[in-house]
Amino acid sequence: MATETYAVDAEDVVKLFGKQRALDGVTLRVRRGEVYGLLGPNGAGKTTLIRSLVGLVAPEAGTVSVLGHRMPQLDVLAHVGYMTQQAALYPDLSAEENVHFFGAIYGRVDGVRDALELVDLWDRRKSVVASLSGGMRTRCSLACALVHKPDLLLLDEPTVGVDPQLRVQLWDRFRKMAAEGTTIVVSSHVMDEAERCDRLGLIRFGKLLAEGSVAEIKAKAGVDRLEEAFLKLSEVSPA
Amino acid sequence: MNARRVEAITQRLLHQFRRDRRTLALLFGAPLVILGLLGYLLRGGGDVPKMGAVNLDSGQLGSLVASTLEGSKTVSASSMSQADAETRLRSGDIAGYVLLPADFTAQVQQHRVVAPEVHLEGSQPGLSQSILQSVSQSFVSLASQAGGVQFTPRVSFLYGGPSFDTLDYFGAAFIGLVVFFLVFVITAVAFLRERGQGTLERLMASPLRRAEIVLGYMLGFTVLALVQSAEVLAFSLLVLHVHNVGNVALIFLLEALMAIAAVNLGIFLSMFARTEFQAVQFIPLVIVPQVLLAGIIFPISTEPGPLQWLSHVLPLTYAVEGLRNIMIKGADLTWSTLQLDVGVVLGFCVLVILAGAATLRRRIA
């Protein structure tokens, strides 16, 4: 099937919160195995777009297909990993118990060790989450999102509040997973992360303003630095 | 101590409350509602206990006592036959009756002794008390007419007995109430924590079905609630020696049903609260009126009419009545009253389970 080449195929998605158009006709296509960066300032609609991909947001208009299935569809979610902005964990459980719980929800407790090792938390697995540092919690949250070895991983600003060293480590892991065939959609407002994505989408005022590889976006804006390109391309007043 | 800093804290608090309309409404509305309810309950001109007067006396004194009783304001007495009185006592229609024997007048005149039989239903100590009091008052007026007489009523109890006290009466209800209340609060708060810490969002983005979430929660908390129910029951029966003539397994069954209802009520109501703080606010709104109206403290039969109607709509009323039927009257599942009680509690369970599951997804999106 043609749609099968896309891990995510969202068309003309509109989501209203009261009068505010959080998503104003977004069309997003993410190919299988690519790392797609959603770039935009706070309140641009990144989180709403990601939530609409997992069926947590019911759009007023438009269609969303994930891994070849029209959403909302519960069974597809077994192949999707979702990491929320806030490290969503049970503070009174240990790191391992958290990952094990989400593994059990997806029926994949066999992935617990791999997931904890991937985020370098295997040695701290017995620690109660409440006693972990912010960075460790972020990593634990990531482990929970990928314990079931998803085909599509949705990461909502995974590196907010993470120190530069850990950020580099996390990105190495994202690239490694992508190399093994996982499709990753990651939102961010940090430009140096954007450089590591295969393709970027600039989102603002609920619209996808520009899309392409880093080089394409720089060329389109006619500037050398991504940051400038972003500013230039988003100089569109809200419709 | 710096006055400005203290003032800053005070001001901040008041500002916060200004934004939280709901808490304000509760702070100023709930006391009026609760006190108003209590006032209406106690002064609203509710019914007095019903009793029968069975007069077999061939003399005149019997009818004198009977008419004094009928004129009493603390009970609502009416004359009836002994068979009728016995039937109505068993059905719970009257709380007791006084039997004036055929030789009543003769006994008074010859021996100066009145020893009427007082038959009490006995399951509600408050009502028994009122009846005994009215009966003895009616003999005071007899004594003033017939000269000094000694009053020694022979009291018999259908349920309970002379040693049946207030704890026996409240105990049966509180066994259920304690479990219902604590399980409700714990579930509501746990569910709000799940939402607050973002893990609920994560669960909703997983292949979990909402019925699975509700069922999982229900089973988890039910395990805790059942252990708690068993503990409360054992303590009440073994340590406090609360009166029980019923089947312990039946009490436990009813308690378990209440616990399941409380778990699901907690899940359902937590959908309407954003914070744990707001969840705790459901206590004066949901729990207190039920405690006042479910017949736990005040017998429903003596409530003002409209409140009686309200009482009969509250599920806790049936749970409390069911527990009392088992523990005080020794009811089993062949009794139609207990069938109704268990049926209503069961129906309420199903209702809140469905309501909880139905509200879950909508409130997350």
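This is a predicted model: local features need pLDDT of at least 70, side-chain atom pairs count only at pLDDT 80 or more; totals for chains, interfaces and linings use all residues.
Beyond its neighbours within four places in sequence, A:Ala143 is in contact with A:Val99, A:Ala115, A:Leu116, A:Leu118, A:Val119 and A:Leu121.

Now widen the view to the core. A:Ala143 is, with A:Cys140 and B:Val345, among the residues with the most contacts inside the largest nonpolar core, which has 132 residues. Select helix H10 of chain B, residues 248-270: this helix supplies 14 residues, the largest share of that core. A second, separate core has 26 residues. To find this second core, select B:Ala66, B:Ile94, B:Phe104 and B:Val149, which are included in it.

Go to A:Ala194, in helix H6 (residues 191-194) of chain A. Is A:Ala194 buried or exposed? A:Ala194 counts as buried because 21 C-beta neighbours lie inside 10 Å, and the cut-off for buried is 20 or more. Leaving out neighbours within four places in sequence, its contacts are A:Gly37, A:Leu39, A:Ser188, A:Leu200, A:Val214 and A:Leu226. Draw a distance from A:Ala194 to A:Leu226: these residues are 32 residues apart along the chain, and their C-alpha atoms are separated by 8.4 Å.

Select A:Leu67, in the loop between strand S4 (61-66) and strand S5 of chain A. Its phi is positive, near 50°, and the residue is not a glycine. A:Leu67 counts as buried because it has 22 C-beta neighbours inside 10 Å.

Move on to A:Pro72, which lies in the loop between strand S5 (69-70) and strand S6 (80-83) of chain A. What kind of peptide bond joins A:Met71 and A:Pro72? The bond is cis, with omega about 0°.

The next stop is A:Lys149, in the loop between helix H4 (134-146) and strand S7 (152-156) of chain A. A:Lys149 is another residue other than glycine with a positive phi, near 50°. A:Lys149 is partly exposed because 17 other C-beta atoms lie within 10 Å.

**Chain B: helix H2**

Select residues 21-43 of chain B, which form helix H2. From its first C-alpha to its last, this helix of 23 residues reaches 32 Å, close to the 33 Å expected at 1.5 Å a residue. Where in H2 of chain B is the kink? The kink, of about 35°, lies at B:Gly29, shortly before the proline B:Pro31. After the helix comes B:Gly45, with a positive phi near 70°.

**Chain B: two domains**

Colour residues 50-157 of chain B as domain 1 and residues 166-364 as domain 2. Where they touch, domain 1 gives five residues and domain 2 gives six residues. On the domain 1 side, two of the residues are nonpolar, three are polar and none is charged. Taken over C-alpha atoms, the centres of domain 1 and domain 2 of chain B are separated by 41 Å.

**Where the chains meet**

Finish at the contact between chain A and chain B, which takes 17 residues from chain A and 14 residues from chain B. Which helix gives the most to the side of chain B that touches chain A? Select residues 199-204 of chain B: this is helix H8, which gives five residues. The chain B side as a whole divides into seven nonpolar, four polar and three charged residues.

Technical notes
Residues are numbered from 1 along each chain as its sequence is written. Chains are lettered from A and ligands numbered from 1 in the order in which they are written. Two residues are in contact if their C-beta atoms, placed from the backbone, lie within 7 Å. Helices (H or I, at least four residues) and strands (E, at least two) are DSSP runs, numbered from the N terminus. Ala, Val, Leu, Ile, Met, Phe, Trp, Tyr, Cys and Pro count as nonpolar, Asp, Glu, Lys and Arg as charged, and the others, Gly among them, as polar. The expected span of a helix is 1.5 Å times one less than its number of residues. The bend at a residue is the angle between axes fitted to the seven residues ending there and the seven starting there. A nonpolar core is a set of buried Ala, Val, Leu, Ile, Met, Phe, Trp, Tyr and Cys residues joined through C-beta atoms within 7 Å. A residue is buried if 20 or more other C-beta atoms lie within 10 Å of its own, exposed if 12 or fewer, and partly exposed in between; C-beta atoms are placed from the backbone. Domain bounds come from an automatic or database domain assignment.
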